[in-house]
Amino acid sequence: MLTTTTTGRPRRALAVAALLVAVAAACLVSLLLGSNRLGLGTVLTALVDRSQDVGDVVWGSRVPRTVLGLLVGACMGVAGAVMQGQTRNPLADPGIFGVTAGAGLAVVIGLYVFDASSVLATLVLALVGAAVASVVVFSVAALGRGLSSPVPLAIAGTAVSALLIAATSYLVLADETTLAGYRIWVVGSLSGRSLTGITPALVFAVLGLLCAVANMRSLDTLALGTELATGLGESLLRARLVGLAAITLLTASAVALTGPIGFVGLTAPHLARALVGGGHRWLLPASGLVGAVVLLVCDVVGRLIAGTAEVEVGVVLTVLGGVAFVLIVRRGRMARL
Amino acid sequence: MTATVDRGTLDRGTPPALRRGRVLAATLTCLVAVVLAGLYGITAGSSSLTVADVAAVLVGQGTGGQELIVYQLRMPRVVGGILVGAALGLAGALTQTFARNPLATPDILGVTSGASFGAVLAIVVGGGTYAVAPGLLTLGLPAMAALGALVTSAVVYGLAWRGGIDSFRLILIGIGTTAALTGLTQYMVARAQITEAGAATQWLVGSLSGISWASVWPVLAALVVLAPLAWSQVRDLGIGQLGDEVSIGLGVSLQRHRLLVILCAVLLVAAAVSASGPIEFVAFVAPQIALRLARTDRPPLAASALVGALVVVGGDGLARGLLPGEVPVGIITAVVGAPYLIWLLTRSRGGSA
């Protein structure tokens, strides 16, 4: 509980530096390991010269996966930290404003109505669904003058999510082809993606990160309570809008790229808070780095764990990440929000 | 009492008698609504009975076919729906108050994910065997679900114990455990034969269609034993809202009290989930609707249980009466409960746990 005050600047800088090293190491491991194990020299030459034999493996599979893992992990980590800061709730994951459920429903409608299963179609559908859902949630909370308290936002988000998930389940149960596509998408995976399709999502992600940075000071003020925050000259509407934009953009692009990988967003901020404390200037970057490391490591484990077959990163993440998180919580002193 | 408290939610200015009156009025209204929804549930369905028909059956004047429909098909479904909904609503009120967090449903104790894991395991692994003897599936599924729920919650509680239970640590450990089990469940669904995946998805949504008198009794027993126990904890739950230090200072034996509250919630959900599958949303929405109806600062237990019953049995009745085909009640509860909660949200000035 007291970590915010006891964590000094040198220790926080050290923690962030260690996280940066961990991210670099995870990227390297992600490039080297897989069903086809490559040496460091091979990978480096292939990175420079694409015409090498292994160029296809490196540029076609390893590089996209690593970039995606880095991007999506960081997006979810930052989005989770903003979400928990906005709602002041340790149970809030980035999907709680209905973003993930909205994306899921849009993808299922695409599968059901248009049989749209291409990566680009899924991406666009998920972005649209996520945006619509978050606007609805925000309007509901704003209508009830709920902006001063984070609770109505969280409750409205959970209620809207439940509605969207119900609609999704209805369509999935009604049509076996849709179920076949949906059950794969919903697990979340980094494989089979190329870098050509990610440009729109990348734009969204960068915009989202900018919004998150712009929201940092407000998040610190909001932590003092909304009354004090308003007294300090904080515009609640602006603080909420910028935060919501950050969460929606980051989550939507991540979900669109890999399917719903919610667990990173929920837990990365808790781990980061234990490392650097609750101040958002340190917490947001640390959460992003933790998210990237966790996602990359889990993806590598998923490639190796089942021999030549592959386990989706979403499964490895929740199973392995869940167990690891339990152990960390049991040993360490978790910092409260 | 300071005047700076969010007046729209807490209503501190209202005299205690009036506040108690509101809770009582909300509870009685819900009770009447549950009875009406139950009666509607008995008349609604693919072979429609009039109110007169049902009344005739109940006084022993119906035809054999009508008696079969009312006593063996409709009644267990309606009674089961009421009991399952009440158990979930009550369990949700307990966990939301215990954790002082409106997002804390019994799911965070690992009950639902454990039950789902057990049931899906039974469907996927035992699918071939059960296909030969479908009778085993109706018996084995609830047993596996209950087993999964109880083992998982025991593990969560055991892992969270470190010289005592701290609610924040319990929640975080619940999150981790739930995630791990959900991941395994999803993996099984993704790798199973498509027919088994369909059956698993169907079960995971939650449904009353498989309910019979045999699956009603465990839920009833759980409610009869646990509801009074939960009620006896009401006063301590109120004090718990003030925080750990204050509670201990006021002489609440915190650890024993927490174990009791958690045990009640776990057993109620385990019984409900085994009968109907995870109708997850009910445990979240019922206490939130109840506290806004009664305008209290924490979910009222009786009203939460009744709203839960109403959402489940009303939703199921509507699904059978108005919609073609069999729509699982887990979908309908969200369609009925979520808009109502959203409407309440847009009207109120805020809310609390």
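These numbered points go through a predicted model of a complex, from confidence to fold, core, contact and record.

1. Overall confidence. The predictor assigns the complex an ipTM of 0.72 and a pTM of 0.78. For chain B, the average pLDDT is 79, and 84% of the residues score at least 70.

2. Helix 1 (residues 7–10) of chain B has the lowest confidence, with a mean of 40. At the other end stands helix 15 (residues 301–322) of chain B, where confidence is highest, at 88.

3. Stretches to read with care. Residues 1–11 of chain B keep a pLDDT under 50, and the model has 18 contacts for them beyond four places in sequence.

4. Fold of chain B. The secondary structure of chain B consists of 16 helices and zero strands. Chain B has 353 residues, of which 54% count as buried. Among contacts in chain B with a separation of 6 or more, 78% join residues 24 or more positions apart.

5. The nonpolar core. The largest nonpolar core contains 226 residues. Which of them touch the most other members? They are A:A126, B:A87, B:L268 and B:V269. Leaving aside residues up to four places away in sequence, B:L268 touches B:A87, B:L90, B:A91, B:A222 and B:L226.

6. The contact between the chains. Chain A contributes 48 residues to the contact and chain B contributes 47 residues. On the side of chain A that touches chain B, at least two residues come from each of helix 6 (119–143), helix 7 (150–174), helix 8 (176–185), helix 12 (262–276) and helix 14 (313–331) of chain A. Helix 7 of chain A gives the most to this side, with 16 residues. By type, the residues of the side of chain A that touches chain B are 32 nonpolar, eleven polar and five charged.

7. The record for chain A. An unreviewed UniProt entry places the feature "transmembrane region" at several spans of chain A, including residues 95–114 and 313–330. In the model, residues 95–114 of chain A are 80% helix and 0% strand, with their end C-alpha atoms 25 Å apart. Residues 313–330 of chain A are 100% helix and 0% strand, and their end C-alpha atoms lie 24 Å apart.

Note on methods. Residues numbered from 1 in each chain as written. Chains lettered and ligands numbered in written order. Predicted model: local features only at pLDDT ≥ 70, side-chain atom pairs only at ≥ 80, totals over all residues. pLDDT = per-residue confidence, 0-100. Helix = DSSP H or I, 4+ residues; strand = E, 2+ residues; numbered from the N terminus. Contact = placed C-beta atoms within 7 Å. Buried ≥ 20, exposed ≤ 12 C-beta atoms within 10 Å, placed from the backbone. Core = buried A, V, L, I, M, F, W, Y, C linked by C-beta atoms within 7 Å. Nonpolar A, V, L, I, M, F, W, Y, C, P; charged D, E, K, R; others polar. UniProt positions renumbered as here; feature names shortened; annotations may be inferred.
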